[in-house]
Amino acid sequence: MTGSRLASRNRLRGAIAVIALAGILLVGWAGWQRFMVPRPAPDVAFQSIDGRRIELANLRGQVVMVEFWATTCVICMREMPEVAAMARELGPRGLATIAVAMPYDRPDHVVAYAKRHRLPFVVALDPMGRVVEAFGPIPGTPTRVIVARDGTIAATLVGAGAERLRARLDRELARPAPTG
């Protein structure tokens, strides 16, 4: 191989490395912005299975856990009793829990499950996926979005982990309510 071809190949490799590094940095920055920088929670309303309309903005001052789940999700079904216990215990400390069934979940299954297990929180249907889209992307179930008392998203927790969820809720509930 000639010197000029070798130099050209090395320049190409260097350019590819720089582009790859820039891509990695961009993805890292976007992830950091998405999960680490507080951002306002979306202005959404939930439609409960009992017909009520609950606006997230009206829950300001409380810590809100929005649980994206499905009756077909094995992890969701395994952890739902723990989520219900947390809601009962932490509600008096200022936690509002809203379980949003994924758009693909059958409403009759959601209603039957909620009634059979006497879930102690708002269970909402999202058949058109508007709430999922507003909070999205929702990479899978369960996904828990914790909204701080000031209306910003404090955390997004994806996958199994009731213990991790409990620790994050305790930390958020310990923060004082915003003044003014």
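Of the 180 residues in the protein chain, 41% are buried. Keep in mind that what you're looking at is a predicted model. The protein chain exposes about 10200 Å², and carbon and sulfur atoms supply 60% of that area. As for how the chain folds back on itself, take the contacts with a separation of 6 or more: residues 24 or more positions apart account for 70% of them.

Now for the parts list. The protein chain has 5 helices and 8 strands.

What holds neighbouring strands together? Strands of a sheet pair through backbone hydrogen bonds, either parallel or antiparallel.

Strand 1 is joined to strand 8 by 2 bridges, and the two run antiparallel. Here arginine 39 has isoleucine 153 of strand 8 as its bridge partner. Next comes the step from strand 8 to strand 7, again antiparallel, with 5 bridges. Isoleucine 153 turns up here too, as the bridge partner of valine 147. Strands 7 and 8 form a hairpin with 4 residues between them, and in the turn glycine 151 has a positive phi of about 90°. Strand 8 itself is mostly covered, with 5 of its 7 residues buried. One more step takes you from strand 7 (residues 143-147) to strand 4 (residues 63-69), an antiparallel pair joined by 5 bridges. In that pair, phenylalanine 68 has threonine 143 of strand 7 as its bridge partner.

Over in strand 2 (residues 45-48) you'll find alanine 45. Is alanine 45 buried, exposed or partly exposed? Its relative accessibility is 23%, so alanine 45 counts as partly exposed. Leaving aside neighbours within four places in sequence, alanine 45 is in contact with Arg53, Ile54, Glu55 and Val131. Alanine 45 and asparagine 58 are 13 residues apart along the chain, and their C-alpha atoms are separated by 9.5 Å.

Why does glutamate 79 count as buried? Because its relative accessibility is 5%, and the cut-off for buried is under 20%. Which side chain does the side chain of glutamate 79 make a polar contact with? The partner is the side chain of arginine 144, at 2.8 Å. Not counting residues up to four places away in sequence, glutamate 79 touches Arg144 along with Ala160, Gly161 and Ala162.

A couple of cysteines are worth a look as well. Cysteine 73 has a relative accessible area of 8%, so it is buried. Cysteine 76 is buried too, because its relative accessibility is 1%. As for disulfides, the count comes to 0.

Most residues other than glycine have a negative phi, and most peptide bonds are trans. Against that background, look at arginine 118, a residue other than glycine with a positive phi near 50°. Arginine 118 is in the loop between helix 3 and strand 6. With a relative accessible area of 68%, arginine 118 is exposed.

Glycine 136 and proline 137 are joined by a cis peptide bond, with omega about 5°. Proline 137 lies in the loop between helix 4 (130-135) and strand 7. The bond from threonine 141 to proline 142 is also cis, with omega near -5°. Proline 142 has its place in the loop between helix 4 and strand 7.

Conventions. Residues numbered from 1 in each chain as written. Predicted model: local features only at pLDDT ≥ 70, side-chain atom pairs only at ≥ 80, totals over all residues. Heavy atoms only, no water. Buried < 20%, exposed > 50% of the residue type's maximum accessible area, 1.4 Å probe, protein only. Polar contact = N/O pair within 3.5 Å; in protein donor to acceptor, adjacent residues only side chain to side chain. Contact = heavy atoms within 4.5 Å. Pairing = 2+ DSSP bridges. Disulfide = S-S within 2.5 Å. Areas by Shrake-Rupley, 256 points an atom, 1.4 Å probe, with all protein chains shown as cover.
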